[in-house]
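This report describes strands, helices, cores and side-chain pairs in one structure. The model is a predicted one.

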Amino acid sequence: MTRRGPAAAVGLAVVLVLTACGGLSRGGPVEQGLEVGSGTPPAVRVAPPGPVAGAGQESIVRGFLRAGAASDAAYDNARAFLASVVSERWNPDDNIVLLADDTPPSATLLDPATVRVTGRAAGTVDAEGRYVAARAGSTVSATFRLSTVGGEWRVSELPENFGRWISRTDVSRLVQPYAVHYLSTSRRALVQDVRWFPADKLATRLARAQITPVPAYLSGAATSAVPEGARLLGDAVSVNAGVATVNLISSRLGPGEATRQNLWAQFVSTLTQDGAVARVSLSVDGVPVDLVGLDDSAGTLSELGFATPPGAVLANPVVRRGDDIGGFDPASSEQDPRQPSTPVTYPPVDAAFRHLALSADGTELASADPGEDGISRWKGTNRYEVPLDGVDVGAPAYDRRGWLWMGAVSTEGAKGPHVWVVDVRSDPADRETARARAVEAPWLAGRRVLESRVAPDGDRVAVLSVAANGTGYRIDLSGVVRGGGGVPQSLAPPLRLAAPLTRAVSLAWLDDRTLATLGVLDGKTLQPTILSVGGDVRALTPVRDAVAIASTGGERDLWVTTSTGRLLGRAGSQWVDNGPANDLAVAAG
């Protein structure tokens with residue numbers, strides 16, 4: 001007999017309750033993010049126990065949450081806590097909550113048939129694999145209905161779209177970030193879209209993700225060789241002796257060797273992230289996708305004739321001390337920070353010109369003018385003003401394809417452009433060819449762009465902006481839609497990064513997946529913060545008076561300049577003073 005309690009009207013919900021402003025908090029001054037691995041979770045099989053006879057309502061709910069941490073999709077014990085109808089409907093891959101610690105969620109009996117559980121939240125992963133970090137101190141609550149089945153309490157109603165709750169130390173074992181690969185529309189290369197997936201049946205999950213359309217934030221900047229509407233035969237991928245067999249059902253595979261190479265490149269790059277997959281076999285409607293010189297399977301891009309673009313050769317960084325600019329060698333900066341590592345010929349740049357930027361080849365500099373009323377370029381010993389139909393400019397930044405990016409408030413008003421680019425090949429003395437060109441980005445209406453940093457791949461840009469009233473800081477990731485000659489024409493609709501940040505200053509790419517900023521997570525402290533394009537946020541030890549951040553080679557080579565004119569380098573978890581500096585400019589960084 002099924003018994004329902006008197007509070008049947010209690011609503012079912014999972015709610016993030018903001019109890020503080022900022023990012024992920026574990027107490028203390030440093031805000032930690034999730035513990036993530038390299039993409040290959042450890043081979044540990046875990047199967048938490050099912051319900052015991054006579055267990056009370058709170059115990060049943062706690063047991064269900066704990067059993068959801070099973071590995072290898074072994075959810076039979078978790079389903080044993082559910083009434084049969086609920087068990088059939090429960091999808092463990094629905095909204096997944098990642099907890100901020102390992103403390104078991106508290107359980108409160110609201111009435112004989114209703115239990116509410118509450119825990120500290122690090123973030124959530126939706127059914128598409130999008131991870132959204134929670135703010136510091138956030139709690140997550142879920143309300144469960146129970147009834148008796150055969151004299152034992154069982155969960156009879158779950159919150160809408162309830163998947164699983166995973167404790168902090170279980171994250172690396174159960175869910176991890178992986179890249180889904182698409183094709184750049186402006187060059188022969190792959191573009192990453194990072195999402196989070198459960199580790200069980202990983203090859204199948206990755207293949208399912210690969211056949212989905214290009215995400216909106218890469219629209220126009222990337223495309224896919226996977227035919228529209230394609231699906232997996234049997235909705236699964238088998239892996240035998242390290243070979244993943246992908247059989248697509250589709251009648252629309254495009255013609256040509258290049259199309260087949262592209263299709264192979266996407267699946268090989270995505271599926272070989274699974275530690276169990278060394279090679280991929282690819283068919284469409286049961287017919288192998290043939291390539292010249294390729295046998296039954298492939299494990300690398302080189303086997304496919306899909307050449308990886310060579311990395312850009314970038315100029316050495318430069319440092320400004322007072323008005324003087326000289327070369328900067330990170331390896332020798334601690335020994336003698338006042339001496340340049342190599343002879344340089346850059347002109348003096350008055351300290352009133354802020355946000356110094358260095359072109360990829362090191363032949364020119366740029367900065368915001370005093371009062372941020374314009375942008376200047378330095379070529380040789382001369383300064384040139386950039387013709388720009390905007391005011392209140394942000395920090396300029398070069399990309400690796402020969403463009404100087406800048407944000408400003410359009411003279412046309414809120415509906416005017418917000419982002420501009422300048423062709424670095426242009427003669428800065430020619431006001432017509434050196435004029436800033438507008439880049440369409442209607443989603444920035446009503447906002448001021450403080451900085452726009454193009455990723456090393458040149459296909460994506462991170463945009464730091466603020467509302468016109470000086471509030472509502474955002475960091476967004478957007479695909480760069482380029483026209484002929486690689487001219488940036490527009491920005492795709494954005495994917496928001498680092499939602500927990502309430503304020504941010506300065507941006508720097510560390511690699512294709514990671515950025516650094518100076519951000520506020522706890523409502524007051526501005527501190528170096530690492531941002532993953534997959535959504536994770538991780539703060540480092542604060543630096544007093546920090547005003548800008550840069551990297552000369554990844555997270556271990558981070559540098560912070562301060563308002564007191566000092567340059568601090570990272571040494572482990574601490575920051576070491578490396579002498580005087582007003583600016584550190586890294587080529588196209």
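Helix α5 itself spans residues 202-210 and is mostly covered, with eight of its nine residues buried. The buried residues are Leu202, Ala203, Thr204, Arg205, Leu206, Ala207, Ala209 and Gln210.

## A four-stranded open sheet

Four strands form an open sheet in the order β19-β20-β21-β22, and their pairing is antiparallel. Its edge strands, β19 (354-358) and β22 (382-385), each pair on one side only. From one strand to the next, the twist averages 25 degrees.

Strand β21 (residues 375-379) is joined to β22 by four bridges, and the two run antiparallel. Arg377 has Tyr384 in β22 as its bridge partner. Strand β21 also holds Trp378, whereas Phe353 lies in the loop between β18 and β19; the pair of these two therefore ties together parts that are 25 residues apart in sequence. Trp378 is buried, with a relative accessible area of 5%, and Phe353 counts as buried at 11% relative accessibility.

Strand β29 (residues 447-454) is mostly covered: of its eight residues, seven are buried. Seven bridges connect β29 to β30 (residues 460-467), and the strands run antiparallel. Within this pairing, Val449 stands opposite Ser465 in β30.

The hairpin has five residues between its strands, and Gly458 takes a positive phi near 80 degrees there.

## Nonpolar cores

The largest nonpolar core has 76 residues; those that touch the most other members are Leu98, Val246, Leu263, Trp264, Phe267, Leu271 and Leu304. Leaving aside residues up to four places away in sequence, Trp264 touches Val280, Ser281, Leu282, Val289, Leu291, Leu294, Asp296, Ser297, Ala298 and Leu304. A second, separate core has 30 residues, including Leu65, Ala67, Tyr75 and Ala134.

## Salt bridges and buried arginines

There are 28 salt bridges in the structure. One of them joins Arg164 to Asp93, with the closest N and O atoms 3.7 Å apart. Arg164 is in strand β8 and Asp93 in the loop between α3 (84-89) and β2 (95-99), so the pair ties together parts that are 71 residues apart in sequence. Arg164 counts as buried at 2% relative accessibility, while Asp93 is partly exposed, with a relative accessible area of 22%.

Arg173 and Asp170 meet through their side chains in a salt bridge of 2.9 Å, N to O. Arg173 is buried, with a relative accessible area of 11%, and Asp170 is buried at 18%. Arg435 forms a salt bridge with Asp389, and the closest N and O atoms are 3.6 Å apart. Arg435 lies in the loop between β27 (419-423) and β28 (437-439), and Asp389 in the loop between β22 and β23 (390-391), so this pair ties together parts that are 46 residues apart in sequence. Arg435 is partly exposed, with a relative accessible area of 30%; Asp389 counts as partly exposed at 41% relative accessibility.

Arg168 is placed in the loop between β8 (162-166) and α4 (171-174). Arg168 is buried, with a relative accessible area of 4%. Asp102 is 66 residues from Arg168 in sequence, yet their C-alpha atoms are 5.6 Å apart in space.

## Aromatic pairs

The count of aromatic pairs comes to nine. Phe328 and Trp559 form an edge-to-face pair, at 5.1 Å centre to centre and with 90 degrees between the planes. This pair links distant parts of the chain: Phe328 is in the loop between β18 (324-327) and β19, and Trp559 is in strand β39 (residues 558-562), 231 residues apart. Phe328 and Trp559 are both buried. The rings of Phe353 and Trp378 have centres 5.2 Å apart and planes at 85 degrees, so this pair is edge-to-face.

One aromatic cluster is formed by Phe64, Tyr75, Trp90, Phe144, Phe162 and Trp165. Tyr75 is also one of the residues of the second core.

Terms used: Residues are numbered from 1 along each chain as its sequence is written. This is a predicted model: local features need pLDDT of at least 70, side-chain atom pairs count only at pLDDT 80 or more; totals for chains, interfaces and linings use all residues. Side-chain values use heavy atoms; hydrogens and water are left out. Two strands pair if DSSP finds at least two bridges between them. Axes are lines fitted to C-alpha atoms, for helices over the stretch in contact, and angles run from 0 to 180 degrees between N-to-C directions. Buried means under 20% relative accessible area, exposed over 50%, partly exposed in between (1.4 Å probe, protein chains only). A nonpolar core is a set of buried Ala, Val, Leu, Ile, Met, Phe, Trp, Tyr and Cys residues joined through side-chain atoms within 4.5 Å. Contact means heavy atoms within 4.5 Å. A salt bridge is a side-chain nitrogen of Lys or Arg within 4 Å of a carboxyl oxygen of Asp or Glu. Rings of Phe, Tyr and Trp (its six-membered ring) pair if their centres lie within 6.5 Å; planes under 30 degrees apart count as stacked, over 60 as edge-to-face and the rest as tilted.
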